[in-house]
Amino acid sequence: MPEPNPRAPLPLSVWPTAQQPAATQRTGRYLPGSTAHPAKMLPATAHQAIAAYSQPDDVVLDPMCGIGTTLVEAIHLGRTAIGIELEARWAELASANIAQARHYGATGTATVVTGDARQLPNLIDPNLAGRVALVLTSPPYGRSVHGQVTARPGRGVAKFDDTYSADPANLGRVNQPTLLKALQQILASCQHLLAPDGLLVLTARPYRRRDHLVDLPGQLTQVAEATGLVLYERNAALLVGLREDRLVPRPSFFQLNQVRKARAHGLPLRIIAHEDVLVFRLPTDPPS
């Protein structure tokens, strides 16, 4: 029986990526300092995407790799991983997480390059053009769901680790039009690195800004299609656990706080309980 083709289209599916809380997914697999990054990809989401859309020894790229979640999960699956990260702090932590993964038996290899993904052609070995099997990344977006808090009895809560960077040029701090323009530039560069049957996967969720819903997954689809990429699949990664037939909510403080404030003002919001996993491929030439 032939092996299943990992590039074959799959039906729209739901990924139960939060069977374990995020902290449990990272404990012992990532260094404790990793929690300081305000917008980490769930390890289970990265693991499932890499397993589904690439093969052992394939090249996997994350142009905005943060603490290196894509890279760590890729080398645990025997891939060759490359990450680009603008902030030296996160790039160093990504390298440390890779070293830990190798120490615990990961068989793949990974490299982190400190630099701006908008300059991707200047940061990547030109010999990789046409050889990357999978680009997997999670673009920065809305602050309302990011960060950590600590309770202060009688004085409310204190927020911390809730910003990407102090650099105003960091894409986690720019306005939405600037972000989308930069992402179009980054995705166009990634497209030139993809193998002919390679795939580009973006994880993102909608979020609220001043009570308005921002459809970031829809915006990213438009941006990717503007570069010539073709939407191949749209999956939903659950941000809740499953206990038999019951959903187990795992919202952040920021999500709960936003919903409670909105409801207090008469706006019946609900917790966003999934993340879109958008899968794109290169266009196929029409038959001559």
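In this predicted model, the axes of helix H6 (residues 176-193) and helix H7 (residues 216-226) come within 9 Å and cross at roughly 45°. That angle makes H6 oblique to H7, and the crossing of H6 past H7 is right-handed. On the H6 side, the contact is formed by Gln 176, Leu 180, Leu 183, Gln 184 and Leu 187. These residues meet Leu 216, Gln 219, Leu 220, Val 223, Ala 224 and Ala 226 of H7. By class, the contact of H6 with H7 comprises eight nonpolar residues, three polar residues and no charged ones.

The largest nonpolar core of the model contains 35 residues, of which Leu 61, Ile 124 and Leu 200 touch the most other members. The elements contributing two or more residues to this core are S2, S3, S5, H6, strand S8 (194-204), H7 and strand S14 (274-281). H6 gives the most, with eight residues. In soluble globular proteins, nonpolar side chains tend to be buried together. When neighbours within four places in sequence are left aside, Leu 61 is in contact with Ile 82, Ile 84, Leu 120, Ile 124, Val 132, Leu 134, Val 135, Leu 136, Cys 190 and Leu 193.

Helix H3 (residues 69-76) is largely enclosed by the rest of the structure, because seven of its eight residues are buried. The buried positions of H3 are Thr 69, Thr 70, Leu 71, Val 72, Glu 73, Ala 74 and Ile 75. The packing partners of these buried residues include both helices and strands: helix H2 (43-53) and helix H4 (88-103), together with strand S2 (59-62), strand S3 (80-85), strand S4 (109-114) and strand S5 (132-137). After H3 comes Gly 78, which has a positive phi, near 80°.

Arg 131 is located in the loop that lies between helix H5 (120-123) and S5. With a relative accessible area of 48%, Arg 131 is partly exposed. Residues up to four places away in sequence not being counted, Arg 131 touches Val 59, Leu 193, Leu 194 and Ala 195. The C-alpha atoms of Arg 131 and Asp 58 are 8.4 Å apart in space, although the two residues are 73 residues apart in sequence.

Technical notes
Residues numbered from 1 in each chain as written. Predicted model: local features only at pLDDT ≥ 70, side-chain atom pairs only at ≥ 80, totals over all residues. Heavy atoms only, no water. Axes fitted to C-alpha atoms, helices over the stretch in contact; angles between N-to-C directions. Helix = DSSP H or I, 4+ residues; strand = E, 2+ residues; numbered from the N terminus. Parallel < 35°, antiparallel > 145°, perpendicular 65-115°, else oblique. Left-handed = near helix turned anticlockwise from the far one by under 90°. Contact = heavy atoms within 4.5 Å. Nonpolar A, V, L, I, M, F, W, Y, C, P; charged D, E, K, R; others polar. Buried < 20%, exposed > 50% of the residue type's maximum accessible area, 1.4 Å probe, protein only. Core = buried A, V, L, I, M, F, W, Y, C linked by side-chain atoms within 4.5 Å.
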